[in-house]
Amino acid sequence: MDLYGYGGALAAGTVGTIKIMMMSLVVGLVSGMVGAGAKLSGVKALSLVTDAWTIIIRGVPELILVLFVYFGGSIIISQGAALMGFDIYIEINPMVAAVFTLGLVYGAYATDVFRVSILAVAKGELEAARAIGMGRAKVFFRILFPQIWRYALPGLGNLFMILQKDTALVSVIGMNELMRNASQAVANTRKPFTFYITAALIYLGITTITSLALHFMEQRANRGVGTVS
Amino acid sequence: MDMELIRECLPQLIDGTLLTLKLVGITMIAGLILAVPLALMRNATSKLLSLPAYAYIYFFRGTPLLVQLFIIYYGFSQFEWIRNSFLWIFLGDSYWCSVIAFTLNTAAYAGEIIRGAILSVQKGQIEAAISVGMSRFQIYKRIITPQAGLIAVPGYSNEVVLMMKGTSLASTVALLEITGITRNLIAETFMPIELFFIAGCIYMVLSTVFIFILSLVEKRLSRFRAATTA
């Protein structure tokens with residue numbers, strides 16, 4: 001396909017997109033685990049905050065959230081600084097806004113995936129592990145974690161595929177990623193179909209590779225389970 | 001919060017909300033109409049039927065909605081023969097392009113939900129229906145649809161909320177639904193925090209209402225369950 005010399009720009013955009021995906025995934029996994037811990041902690045205040053977070057994310061479009069963090073974030077930070085007596089204006093970097101927002105969206109949904117997976121591990125196994133003298137850390141790494149991983153992987157994988165598609169939204173705040181670079185190529189060449197279809201195929205390639213990788217990871221996580229008939 | 005701001009912006013926000021509702025309503029209905037044959041094709045034994053449906057669902061679920069919208073709204077303008085044909089009445093208009101993009105997208109997701117629901121009906125029931133001499137149509141009408149419908153509702157209600165959130169993308173092709181209006185109002189007033197907060201609240205109310213309505217639908221569809229267990 002003839003890309004009118006914009007092949008390099010699209011490749012750079014793809015790299016940017018993958019960067020946002022991976023960084024948001026890390027923020028999402030960490031915040032999701034923290035959220036699950038908060039919900040299971042039994043501390044009312046913590047589970048209330050987590051509930052509010054998940055309800056907001058479920059009900060409000062990602063586009064509004066990205067715009068709010070990007071345009072509202074610097075105002076909130078500056079006003080907060082003013083309250084503490086500093087007179088500064090901090091402009092939020094689009095990358096920070098994008099990763100923060102997409103990460104927290106992923107984390108909100110991941111919270112429930114982790115929570116359910118933790119609860120799915122049979123209590124007797126944990127008690128048995130304690131009974132034979134394993135320490136807390138050992139119980140976590142040998143008994144709890146491998147099973148949480150197995151239960152959570154399909155859900156986390158689905159969320160990751162949704163996250164990958166959501167990254168296209170951050171083009172609205174001027175991130176240099178695939179969608180924005182495609183739009184710039186369109187503005188200069190007036191070939192919208194060529195570039196948006198190419199972008200679509202690149203996204204399709206990314207989601208296809210991800211789903212294949214997830215399939216293998218799930219198989220590996222399930223090894224030794226359910227083969228006895 | 002500034003009550004004056006809310007009072008000034010309210011009429012426009014109501015207009016935006018009505019447009020969002022209109023988009024969601026049309027998309028939901030048109031999407032379902034497309035999704036049912038899509039699900040049936042995907043389940044068909046003939047590769048000639050199942051492969052196109054598979055490819056369609058694969059493309060629309062594997063690419064971002066924003067790209068799909070841009071291909072439809074900006075992309076087709078690249079071809080002169082489309083610009084000169086009657087298709088341009090729809091493809092040259094941001095409202096119709098949004099409706100088309102959202103419909104095609106939601107049909108793919110809803111098609112998968114319906115397909116899964118149809119497959120979840122127990123095989124024994126269908127065999128029993130065949131053995132008492134029901135026709136294919138009768139089996140779908142009496143055995144599969146009532147049960148699959150009920151199974152599909154929770155997944156579909158999720159999809160409706162996601163679709164409603166997705167309509168905010170229409171603002172990127174200059175449609176003045178809730179997000180578009182909000183961005184305009186912010187450009188005028190420069191109050192992003194207040195206005196995005198209000199917009200977020202409207203969306204949350206809408207999604208709550210949609211979930212509630214669909215839970216009523218689920219209740220109604222599960223009547224037969226209540227009758228058999230009573």
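In chain B, 75% of the contacts between residues at least 6 apart in sequence join residues at least 24 apart; two residues are in contact if their C-beta atoms, placed from the backbone, lie within 7 Å. This is a predicted model, in which local features need pLDDT of at least 70 and side-chain atom pairs count only at pLDDT 80 or more, while totals for chains, interfaces and linings use all residues. Residues are numbered from 1 along each chain as its sequence is written, and chains are lettered from A and ligands numbered from 1 in the order in which they are written.

**View 1. Chain B has 11 helices and zero strands.** Helices (H or I, at least four residues) and strands (E, at least two) are DSSP runs, numbered from the N terminus. The C-alpha trace of chain B spans about 70 × 55 × 25 Å along its principal axes. Of the 230 residues in chain B, 38% are buried (20 or more other C-beta atoms within 10 Å of the residue's own; 12 or fewer is exposed, in between is partly exposed).

**View 2. B:L34 sits in helix α1 (residues 3–43) of chain B.** B:L34 counts as partly exposed because it has 18 C-beta neighbours inside 10 Å. Setting aside neighbours within four places in sequence, B:L34 is in contact with B:T103 and B:A107. What separates the C-alpha atoms of B:L34 and B:R220, 186 residues apart along the chain? The answer is 23 Å.

**View 3. Helices α1 (residues 7–40) and α4 (residues 94–120) of chain A pack at an angle of about 45°.** Their axes are 6 Å apart; axes are lines fitted to C-alpha atoms, for helices over the stretch in contact, and angles run from 0 to 180 degrees between N-to-C directions. α1(A) and α4(A) are therefore oblique to each other (under 35 degrees is roughly parallel, over 145 roughly antiparallel, 65 to 115 roughly perpendicular and the rest oblique). The residues of this contact divide into 17 nonpolar, eight polar and two charged; Ala, Val, Leu, Ile, Met, Phe, Trp, Tyr, Cys and Pro count as nonpolar, Asp, Glu, Lys and Arg as charged, and the others, Gly among them, as polar.

**View 4. Helices α7 (residues 178–189) and α8 (residues 192–221) of chain A cross at roughly 165°.** Their axes come within 8 Å, and α7(A) and α8(A) are therefore roughly antiparallel to each other. Residues making the contact include A:L178 and A:M179 of α7(A), with A:P192 and A:F195 among those of α8(A). The contact of α7(A) with α8(A) divides into 10 nonpolar, no polar and no charged residues.
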